Amino acid sequence: MSRILLADDDTELTDMLGQYLAGEGLSVEVAHDGEAALTMARAGQVDLMVLDVMMPKKNGFEVLRELRANSLLPVLMLTARDEDVDSIIGLELGADDYLPKPCNPRVLVARIRAILRRAVGEPAAAGEAATVPVLSVGDIELHTGTRRVTRGGQPMVLTSTEYAVFEALLREAGHAVSKSDLTERALGRKMMRYDRSLDMHVSALRRKLGPLPGGEERIKTVRGVGYQYVRH
């Protein structure tokens with residue numbers, strides 16, 4: 001049974017969501033302030049944290065920033081519906097995905113399950129290409145069994161979502177992958193209007209990967225289509 005940490009200071013909301021998640025077969029822990037959420041997340045007893053931005057003691061951004069210093073625990077951010085900047089900041093800090101509040105519990109469960117699938121390496125959709133044990137492109141090696149990624153022999157630290165996006169791009173290295181296709185394959189859901197999630201994960205990958213030996217960007221934006229990992 002997957003263990004979910006609900007971090008939100010709204011007790012009525014956590015009670016309602018907790019009951020719904022439990023009814024969907026998920027085990028639920030609750031934290032009502034940022035310090036408690038960070039402590040519980042670091043304890044290693046949960047599989048995913050649903051993290052609200054606005055909380056006492058430490059806000060969600062502070063919690064995520066401190067957590068990401070030494071943990072890749074999957075995090076789904078809850079943001080104010082009209083604050084797009086909150087979702088962008090959350091993704092920049094390493095959140096796996098986000099949902100605006102108030103959220104539909106059914107959608108929340110679907111997002112949680114998609115993130116958990118990525119965390120354990122299950123394919124997001126049927127009909128995915130057969131697994132290749134090692135994807136090797138230039139100085140990059142991606143081991144699909146252990147989900148280990150190296151650049152020039154040096155290990156890289158990626159969140160489960162960054163790994164899923166990167167694997168999808170490497171499988172199609174040299175070819176453009178549409179944003180909608182990449183969203184479905186890597187994030188396990190359909191792309192929404194004005195959705196910046198994929199763009200932010202690609203931006204994080206670019207920062208972590210750095211340029212190719214010749215200085216060229218590894219992940220190229222193909223205007224009007226999506227993204228392409230450059231073969232070299």
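Select His 143 first: leaving aside residues up to four places away in sequence, this residue touches Pro 133, Val 134, Arg 148 and Tyr 163, where contact means heavy atoms within 4.5 Å. The model is a predicted one, in which local features need pLDDT of at least 70 and side-chain atom pairs count only at pLDDT 80 or more, while totals for chains, interfaces and linings use all residues. Residues are numbered from 1 along each chain as its sequence is written, and side-chain values use heavy atoms, with hydrogens and water left out.

Staying with His 143, show its side chain together with that of Glu 141, and you will find a polar contact between the two at 3.4 Å; such a contact is a pair of N or O atoms within 3.5 Å, one able to donate a hydrogen and the other to accept it within protein, and residues adjacent in sequence count only if both atoms are side-chain atoms. His 143 lies in strand 7, residues 140-143, strands being DSSP runs of E with at least two residues and helices runs of H or I with at least four, numbered from the N terminus.

Next, colour the five strands that form an open, parallel sheet in the order 2-1-3-4-5, where two strands pair if DSSP finds at least two bridges between them. Strand 2 (27-31) and strand 5 (97-101) are at the edges with a single partner strand each, so one side of each has no neighbour in the sheet.

Now select strand 1 (residues 3-7) and strand 3 (residues 48-52), which pair in the parallel sense over four bridges, and look for Leu 6, whose bridge partner in strand 3 is Val 50.
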